[in-house]
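Please read it with the sequence and the model in view.

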Amino acid sequence: MADPVMAAEALPADVDNTAAAQPANEQRTTPAALPVVVSTNLCADLLLLRLGAPGQIRSVSYQAQNPAQSPVAELARQYPANRGAVEELLYFDPEIALTYLGWSGRPHAELLAEQGIRVITLPYPRTIEDAFSMTTEIAQAIGRSAAGQRAVTLARARIQALSDAAATWDRAPRVLYLRPNGGTAGSDTYVDAMLRLLDLRNLATDKGIRGWGTLPLEQLIADPPDLFLLGYFDQAQPLSKSRYGRHPLLGKLLAQVPSIQLPSSTAWGCGGLELIDAAAQIAEQLAALELNPQRPLEAPAPAPDQTRPRLELQPKLGPLSQATQVTQ
């Protein structure tokens, strides 16, 4: 799922490929009983393209058409793009607009309602069950309950298969999800749920982090994980958001500790059914790694005459990718 979708058979396993399978002249016929829908950001786009009937999709966001961000860019290009502006919603005149919690147009929801546009804000899933609930609720709202049920049923079957095939460990490896800004995910997050699905321990949870937080670099150097799960290290980042990721000591640690990097184009950060695709990719890469979680990993030696290194977040020169090259 790391590559853009180029044909119906290349769609993710649980995406309804009706749109790609129908002739072009039949794709824009909206069944009378189905509402016309617009989605305003990538996460909403993925859900709408997964569940919606081709003729009821009026527009998707520009993010869905960017192969660097979207696993369904080719399919998304079949529809007009929008940037989530209220003026665009008024222009496309949908019956339903799928938005997200941070949507800037929320103060104008009353105005849109006066124009007959119902705004539905997607929740932010914390667990895989949350993702299932969101899928079925949105499917029902857009008149596609059966499609939602099919997607969830298939996702549950894939989860069971992943669970059955999960490696058995004498001691489950400790994994740390890490972003270039030092962000990580503890308990009550979809990242934690995904790691538990694969019988892996979340180091952030072990450290007492709940929800989204940051693990101080000093703690990370002193007690590193058995495996890094890197998120968004493949994207160009401004210095202000990547000093943690550029730190020389982190670079040394990444050269010692095995890493798995999920491409940003998988859009797994939405926390929806894309999580199952991400879990499958992680399981596949885990099988290729020789992890021995019972062997303590050698942490960088402390500076002379100090009990631990003094950490100053000075950016390392050169591209972020050079400082965070994934190693196995």
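This is a predicted model: local features need pLDDT of at least 70, side-chain atom pairs count only at pLDDT 80 or more; totals for chains, interfaces and linings use all residues.

Strands pair, by the criterion used here, if DSSP finds at least two bridges between them; helices (H or I, at least four residues) and strands (E, at least two) are DSSP runs, numbered from the N terminus.

Between strand E10 (residues 227-231) and E11 the parallel pairing runs over 4 bridges, and Phe 228 stands opposite Ser 259 in E11. Contact means heavy atoms within 4.5 Å, while the axes are lines fitted to C-alpha atoms, for helices over the stretch in contact, with angles from 0 to 180 degrees between N-to-C directions.

## Leu 250 in helix H12

Leu 250 has its place in helix H12 and, at 0% relative accessibility, counts as buried (buried is under 20% relative accessible area, exposed over 50%, partly exposed in between, with a 1.4 Å probe and protein chains only). When residues up to four places away in sequence are not counted, Leu 250 touches Leu 178, Leu 217, Leu 220, Phe 228, Tyr 244 and Gly 245. Leu 250 and Glu 218, which are 32 residues apart in sequence, have their C-alpha atoms 10.0 Å apart in space.

## Helix H7 and its cover

Helix H7 (residues 145-165) contains 21 residues and reaches 30 Å from its first C-alpha to its last, close to the 30 Å expected at 1.5 Å a residue, where the expected span is 1.5 Å times one less than the number of residues. The buried residues in H7 are Ala 147, Gly 148, Ala 151, Val 152, Ala 155, Arg 158, Ile 159 and Leu 162. They cover an arc of only 125° around the axis, which puts them on the same side of H7; the arc is that of the directions from the helix axis to the C-beta atoms.

The cover over these buried residues includes helix H2 (42-51), helix H6 (128-141), helix H8 (190-197) and H13. On the face of H7 turned away from its buried side lie the exposed residues Ala 146, Thr 153 and Asp 164.

## Strand E4 between E1 and E5

Strand E4 (residues 96-99) is covered on both faces, with Ile 96 and Leu 98 buried on one side and Ala 97 and Thr 99 buried on the other. E4 pairs in the parallel sense with strand E1 (residues 37-39) over 3 bridges, and 4 bridges join E4 to strand E5 (residues 118-121), also running parallel. Ala 97 is the bridge partner of Val 38, and Val 119 in E5 is the bridge partner of Ala 97.

## The chain as a whole

The chain has 14 helices and 11 strands, and buried residues make up 50% of its 328 residues. Among contacts between residues at least 6 apart in sequence, 68% join residues at least 24 apart.

## Basis of the values

Residues are numbered from 1 along each chain as its sequence is written, and side-chain values use heavy atoms, with hydrogens and water left out. Local features need pLDDT of at least 70 and side-chain atom pairs count only at pLDDT 80 or more, whereas totals for chains, interfaces and linings use all residues.
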